[in-house]
Amino acid sequence: MMMPTVLYDVQELRRAMKGAGTDEGCLIEILVSRTTKEIQCIKETYQLQYGRSLEDDICSDTSAMFRRVLVSLLSGGRDEGNYLDDNLMRQDAQELYESGEKKWGTDEVKFLTILCSRNRNHLLHVFDEYKRISQKDIEQSIKSETSGNFEAALLAIVKCMRNKHAYFAERLYNSMKGLGTDDDTLIRVMVSRAEIDMLDIRANFKRLYGKSLYSFIKGDTSGDYKKVLLILCGGDD
């Protein structure tokens with residue numbers, strides 16, 4: 001279980017596309033939340049492990065705008081700096097507004113281009129400016145202007161930019177709430193984040209849902225599976 005995180009990501013991406021059906025949630029989660037350097041590593045390891053290109057596999061397994069957003073994330077073209085150009089920030093916010101809320105139909109490419117390439121600091125300011133112009137939060141606009149897996153991918157980008165730990169807390173909560181457990185998501189997030197930011201994820205989980213992640217796992221799982229997850233969780237809050 002304690003294999004290097006990159007290798008684990010690679011195996012999860014392969015599992016998500018192998019056989020009938022695709023685990024789109026897994027593709028989105030990994031490609032949206034990993035850094036540019038990690039994505040590069042994932043691509044190289046995938047090629048070594050399976051003798052095939054991750055981009056080719058994603059292209060043959062997905063379609064339309066959803067494919068485009070994944071390929072864009074995979075290209076690792078996001079600016080990782082902190083630089084903020086006020087004029088460009090205002091221009092981006094205006095273009096997002098004019099590409100969605102302001103017109104009939106949505107210019108999805110514009111959303112994709114801005115959300116997949118700009119740095120985090122820039123985007124956080126764009127989201128604030130967007131709200132000022134449109135009187136709507138960017139997440140509300142994405143929900144009303146897009147749909148399906150493309151919508152899910154764009155929302156994941158926004159959530160990760162705002163607070164990656166809260167994004168993972170929400171993934172964990174959704175994997176356990178209601179009837180049945182989404183074991184693939186629960187295991188993947190717990191294993192891949194255990195040694196990276198689990199304490200932050202736990203704090204956000206408690207803040208968002210009023211219960212500790214530990215107690216949620218305890219009530220939702222059993223046996224050795226539960227024991228391992230609780231060890232990965234690391235403690236109650």
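**Note on the core and salt bridges**

1. At 56% relative accessibility, Arg 132 counts as exposed (buried is under 20% relative accessible area, exposed over 50%, partly exposed in between; 1.4 Å probe, protein chains only). Its salt-bridge partner is Glu 129, with the closest N and O atoms 2.8 Å apart. Glu 129 is buried, at 12%. Both lie in helix α8 (residues 120-134), 3 residues apart, about one turn of the helix.

2. This is a predicted model: local features need pLDDT of at least 70, side-chain atom pairs count only at pLDDT 80 or more, and totals for chains, interfaces and linings use all residues. Residues are numbered from 1 along each chain as its sequence is written, and side-chain values use heavy atoms, leaving out hydrogens and water.

3. The count is 18 salt bridges (a side-chain nitrogen of Lys or Arg within 4 Å of a carboxyl oxygen of Asp or Glu). Glu 29 pairs with Arg 171 at 3.0 Å between the closest N and O atoms. Glu 29 lies in helix α2 (residues 24-33) and Arg 171 in helix α10, so the bridge ties together parts 142 residues apart in sequence. Both residues are buried.

4. The largest nonpolar core holds 64 residues (buried Ala, Val, Leu, Ile, Met, Phe, Trp, Tyr and Cys joined through side-chain atoms within 4.5 Å). Helix α10 (residues 148-176) gives the most to this core, with 14 residues. Helices here are DSSP runs (H or I, at least four residues), numbered from the N terminus.

5. Leu 213 is among the core residues that touch the most other members. Its contacts (heavy atoms within 4.5 Å) include Leu 172, Met 190 and Phe 205, not counting residues up to four places away in sequence.

Conventions
Helices (H or I, at least four residues) and strands (E, at least two) are DSSP runs, numbered from the N terminus.
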